[in-house]
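The briefing is meant to be read alongside the sequence and the coordinates.

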Amino acid sequence: MVVVVVLAAVYGTMAGLGGWLPKLGLDLRGGTTITLTAANSTGSGQVDKTSLEQARTIIQQRVDSLGVGESQVTTSGNDQITVSVPNVSQDRLRDMVGQTALLNFRVVYYGQTVAAPSASPSAGSTPQAAGTPEPTPQGNNLPTAPAATTPATPTLSPSPYPSVAGSGTAQDKALGWQPTEQDFANFQAYSCGQPVNDVADQPLMTCDREGTTKYLLGPTVVSGNQVTTASAGIPQNQLQWVVNLEFDSTGAKLFSDATSRLSQGVPSQQFAIVLDGLVVSAPQVNEPIPNGRAQIDGGSSGFTQEAAQNLASVLKYGALPLSLTIDSVDTVSPVLGGEQLRGALIAGALGLVLVAAFAIAVYRSLSWVVTATIVLAMALTYGLMVLLGQGLGVALNLPGVAGAIVGIGVTADSFIIFFERIKDEVRAGRTLRSSVETGWVKARGTVLISDGVQLLSALVLFVLSIGAVRGFAFILGLTTIIDIVITFLFTKPMMTLLMRSRYYGEGRPGSGLEPALIGVDTLPIRRRRTRTVTDTAEEA
Amino acid sequence: MAAPFRALVRLSHGENVFDLLSKRRRWYVLSAVVLVICLVGIGVRGLNLSIEFRGGSDFRVPHAVTATTVTDAGQVVTGTGLPEMSDVIVTTIGANTVQVQTRSLTSPEVTQVRGALAQWAGVPSDQVSYSLIGASWGQQITQKGTIALVVFLVLVGLVIAIYFRDWRMAVAAIVSVLHDLVVTVGVYAWVGFSVTPATLTALLTILGYSLYDTMVVFDRVRENVHELPSRRETYGTAANRSLNEVLLRSINTTIIGVLPVLALLIAGVFVLGTGPIKDLSLAMFVGMISGAYSSIFIATSLLVDMKERTAEMRDWRRKLARHEERERQRDAAEELAATSPVPVVVGVDVTEGAAQADPEPPAPVAPGERHQPQHRTRTERRRGH
């Protein structure tokens, strides 16, 4: 029958694709799910859909760079991004995804080496600024000389400056900002690891990511989202890795202003690339960069490939159009997930046995039709989950398994509705055979409207819900559709077929259709004579 | 054989066994009592909101569970010397996992607690899995759940009203669904299971399930109400007949639907301990039973109450009453004719009497009752030959 064909097709495709197991959700096989909520970087108003999608893409690229397969980054609702990665170090993923604050370029006022919190500060405790890369205008044929890597830490003693910020545009103010004595006192008191408050138009006290240098930084000069591209590579005729950086037109102008001042050593010769409130890199500026194209090299010590790529990635993807906060980090160990899955499957099997037992009690030998519809529905659900897992990446999670088990009830119900209708029709005086047909016409409507409502609820759940609930809604919807398919293509034709047999068609004892069970004296049967003859023959 | 079972057998034979709707007030009172108990439970005991709703950190440590495990793990966590760690909740999951819940921790704090727990359990620290939930997360889930609920109810109300062309059915169905929601949440409050996102999922599913059941009942009511004029029934009687006709289906479906959920619940509670399966299945279990009950007793009762109040149905009842009065008068006349020494000619009787050659008077048939053939087993029938 058609269902068998469909089933064969589904399993045939599975065999063709060579996968027999559905894609399991992280709650079943272990993994980490991080949910982030986005807010406008201004902190108010609606989150822009395109920005959210952009942020999703950026995070996806970051996560992909971890090199683990099957990671999934999805947006949900208006402002949420869900990151799911199987079996990866949770901390690593969190750091990766957590680099979500806005990327800013700020002017360095003061950098100070602090006691390294742990041993082995590389390159003789040189602050990162010391190994500073030197941006040079691109296209300039001058080789990027491993030049003057004077520690940026200014020797001049910090003298009090008027607290009045410069006048003019925001850019002028940012460049002209001078720390007050209070600022210096605060700076001296500041130690790495203290929380920082990265506000664009305010100065910032912070450290580099290693916690080896602390910086006093001016307000943001160029915002990270003005970076158009960044890439790491080895320029021709050179051996060292560099990071190429390009700004958009506004960014280029701002960067040009900033670099022209910085190249004169005002207030220092460094700018800082600040991500997530921490200084990623503080390159030294040797000359103004007017065209918005900069090259950062690794200074005397040079970049390793990894360091260059990391910096490029930060520059390129760090410029998230939104600020994101981590809402939940959820890790399930593979052991725990497996336990829950096994529990659910055992429950499913037990449920099936109980249902079959109940069906036998009520429907006698006709119960095999109920059981068969359920087994068929389960097989179809399983097969489709495998295919959808491979094709669309739909993963089966724990609520999904629960949804499938609930689906047992839905599938059985269609048969029950149909069967009770057949009984009604028989009582109205029809033969079993015609009862199946007329009963079907009436049962069909009921099955469709009730499945329709169920489908609607699955749909609403799927569209409006978050995370794991979607898996549940998906399976619920899937089993409902499968129920309709099986009822129309299996249950009904099977019943028609069965009615042609004598055993069922005449309601023999044990068939589940015997008159005593339906509540009629005798079944109106067209071939009544045949039956009487058989009866007498048996009696004889 | 017990009386209820015999009633079920008769029901399965298509008899109109139960008078479910004349006792509407009783069902309302019953439901009201249950709802009050549930609301008191929610109000007094409150809902045991899971960490997803409260915000916090949750660690799962692989460790064999013994009598002192819970105390030990608690001491390990407080022993880290982190501030505000007094209200650490330690529970066990199954036989080999210890769950530790604390307030929201910062990243370094997580590392510290994780390390301490790993050392205690003697495993590498990456085997201690943890979850962090921000405080606003629960609000978001709740908010989204509420939106889903409202959208769903509105859509479903529209679908029902359009499909049955009767807004009263939509109202009755939605009231009964809300009834099921309150009952389920109330049971949660009393049992004290924690309310997790999985519970929320289950609650939303109950909506679909309860409505599914109500749809089946209403579909039959609609069909039977078409026959009102030919059967000379009131709306209430037709609805009651519909209920009797679908009652067996409801019972069978509910049993079949609940059995797997019960298996899930048992597995969740006794085998797995804490986990989404337990939360999901309890809500489903309660909601399915409540859904079956409310479809029959609440949704249909409300529908009948609303319908019987319409002008159309009032007219119809008056018409039926007049008809009944006439019947009664005719019966009285018949009786008079039978007892009176002087034969009184009654039209109906004369024609019937004339048509029947049988000298025996026909057995009186109660009006409105269906004739049920007597049920005999096959052997009995054979003996009768």
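This is a predicted model: local features need pLDDT of at least 70, side-chain atom pairs count only at pLDDT 80 or more; totals for chains, interfaces and linings use all residues.

Residues are numbered from 1 along each chain as its sequence is written, and chains are lettered from A and ligands numbered from 1 in the order in which they are written. For the complex, the predictor gives an ipTM of 0.71 and a pTM of 0.65.

**Confidence in chain B**

- Chain B has a mean pLDDT of 80, and 87% of its residues reach 70 or more, pLDDT being the predictor's confidence in each residue, from 0 to 100.
- The pLDDT is below 50 over residues 349-359 of chain B, a stretch that has three contacts in the model beyond near neighbours in sequence, where contact means heavy atoms within 4.5 Å.

**Strand 10 of chain A**

- Strand 10 of chain A (residues 271-275) is mostly covered, since five of its five residues are buried, that is, under 20% relative accessible area, against over 50% for exposed and in between for partly exposed (1.4 Å probe, protein chains only).
- On one side of this strand A:F271, A:I273 and A:L275 are buried, and on the other A:A272 and A:V274 are buried, which leaves both faces covered.
- Strand 4 of chain A (residues 103-113) runs antiparallel to strand 10 of chain A and is joined to it by five bridges, two strands being paired if DSSP finds at least two bridges between them; A:V107 stands opposite A:F271.
- Strand 11 of chain A (residues 278-281) is also antiparallel to strand 10 of chain A, with three bridges joining them, and A:S281 is the bridge partner of A:I273.

**Positive phi in two arginines**

- A:R364, although not a glycine, has a positive phi of about 50 degrees; A:R364 is placed in the loop between helix 10 (334-363) and helix 11 (367-391) of chain A, and is partly exposed at a relative accessible area of 34%.
- B:R165, likewise a residue other than glycine, has a positive phi near 50 degrees; B:R165 lies in the loop between helix 6 (135-164) and helix 7 (167-191) of chain B, and is exposed, with a relative accessible area of 68%.

Key. Side-chain values use heavy atoms; hydrogens and water are left out. Helices (H or I, at least four residues) and strands (E, at least two) are DSSP runs, numbered from the N terminus.
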